[in-house]
Amino acid sequence: MSRIRCSHCVQRQHVRYNFSNYPQYSLPSVWHLVFLFPRTPRASTLRGCEVMQVTTTMNGLSPNATMALIGPGILAVFGIAFVCAWSIEKKRPYLLLLALACGLFGLGACSQVLGWPGDAYLNAVVSGLLYTSAVVAAAEGVLLRARKPFGWPLDLAIVAAVTGLLWYYAYVTPFLLARVYIQNFGYGAILLMAALRLRPIANARRVDRALFWILLLLALHFFPRTILTIGLKAPADARSFAMSSFWQVLQLSLAVLGAAFAVTIMAATVADIVDDLRHERDGDVLTGVLNRRGFESRVSPLLARASASRVLVLCDLDHFKSVNDTYGHGAGDEVLRTFGAILRDGLPADAIAGRLGGEEFAILLPDIAIGDAAGVAERIRTTLERARFATIPASRRITASFGIAEHRDEEPLRDLTARADQRLYAAKSHGRNRIVASDPADTPARDHSLSPSFASTAGTVAWLNERELSLSRSSPRR
């Protein structure tokens, strides 16, 4: 046994030992997953609180302190994993924030375990600052991944507010219970704000939904757990605090939820990388839309499911070969990039667009009538016709022709594409820069009426009969 003078009590002439004078035992935090108290003092009330008995070992750290280093070690593994992932994908800065969160919490835990700084209240403030910064960095990292960050001003304000309150209830009015509630409720509030900003959209991936719910559960559990386990009275000494239901439940809940949170973030990161690789495989770099493989892989399953009407639009840039021959392939690339941007900006959110090859594109419009689909195609046609290009004279207009076909029940993509392709050939053979949307044999029986806004474009849409379509199949397309 060794004796340590309680200088704080001597300075303030306290008669009895009070556990609130030792704030290093009062810092449960959101990242406190598997840590125990750095030391488990066996305190006895001595005369004038001049001494306190603590259990030590003859060689190095106590067993409890050694066990307490397991947590920082686990966090170091996660932190290294995040840094390694960032080194592979440097365009993901949120990985560095998550690694920083692991490092900050590890430093906070080591500050308590190793007793640095040695002053009890300064240790409380320093470790609280590190823990709070770790929580904010983790929340900001998750939100940055979703492109919904808090922003650095709010981050700094949160850290300053929580640290300032810890300082006040350590130096000005020493109060253990207040510090417990400040940290638990504060960290819960920070994570709750992050979870609410992270609300998944309707078509979110499963891993994104899992991340949202785990983060929400982690945030919410701080409030009832703190109230039900510690209530309005803190334990009287360090030993009873370490054995209290508050501390035991804290360790269990954060070990389970914290580990689940970290693993889910890692899984979401892996899913992001896989999605990017899939996008590179299935996307067209020049235009920004899908390539043929990506388009077919997304459209085929959609057509196999029972749903409302779906319409396929095929479009082909008119006289594109002459653009390349006259103005160079750089001009042709500019036209393709511009048309890709027109498709991305002008199509409904649920539309699927792809470049089938060369200057030919395809668009699948779900849950839409063929007349409304023709209206979408007309907007694209007119936008392209009005576009101007730096490498092409203004007198040279770039136009496109369109063929539209409505999906039939159980019709495969190959047959649907063939019908739309017939109408595209017809548009080319009848002057180009127009839209063809007709069902050959039953044009009289079907009323594919256009919307009023589209009616003013009469002449750009041809409703052709079967004979005209058959004649157009042999027409050249360029």
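Trainee: Which element gives the most to the lining of the largest pocket?

Mentor: H10, with five residues. This is a predicted model: local features need pLDDT of at least 70, side-chain atom pairs count only at pLDDT 80 or more, and totals for chains, interfaces and linings use all residues. Residues are numbered from 1 along each chain as its sequence is written, and side-chain values use heavy atoms, without hydrogens and water.

Trainee: Why is this called a pocket?

Mentor: On a 1 Å grid over the protein atoms alone, a pocket is an open set of points with protein on both sides within 12 Å along at least five of seven lines, whereas a cavity holds points where a 1.4 Å probe fits but cannot get out. The largest pocket has a volume of about 1,200 Å³, the space filled by probe spheres set on the points. Lining residues have an atom within 4 Å of a point; of the 25 here, the closest to the centre are Arg 147, Arg 205, Asp 208, Asp 272 and Asp 275.

Trainee: What makes a residue part of a nonpolar core?

Mentor: Being a buried (under 20% relative accessible area, 1.4 Å probe, protein chains only) Ala, Val, Leu, Ile, Met, Phe, Trp, Tyr or Cys, joined to others through side-chain atoms within 4.5 Å. Val 142 is among the members that touch the most others in the largest core of 55 residues, so Val 142 meets that definition.

Trainee: Which residues does Val 142 touch, beyond those up to four places away in sequence?

Mentor: With contact meaning heavy atoms within 4.5 Å, they are Leu 98, Leu 198, Leu 211, Leu 215, Phe 261 and Ile 265.

Methods:
Buried means under 20% relative accessible area, exposed over 50%, partly exposed in between (1.4 Å probe, protein chains only). Helices (H or I, at least four residues) and strands (E, at least two) are DSSP runs, numbered from the N terminus.
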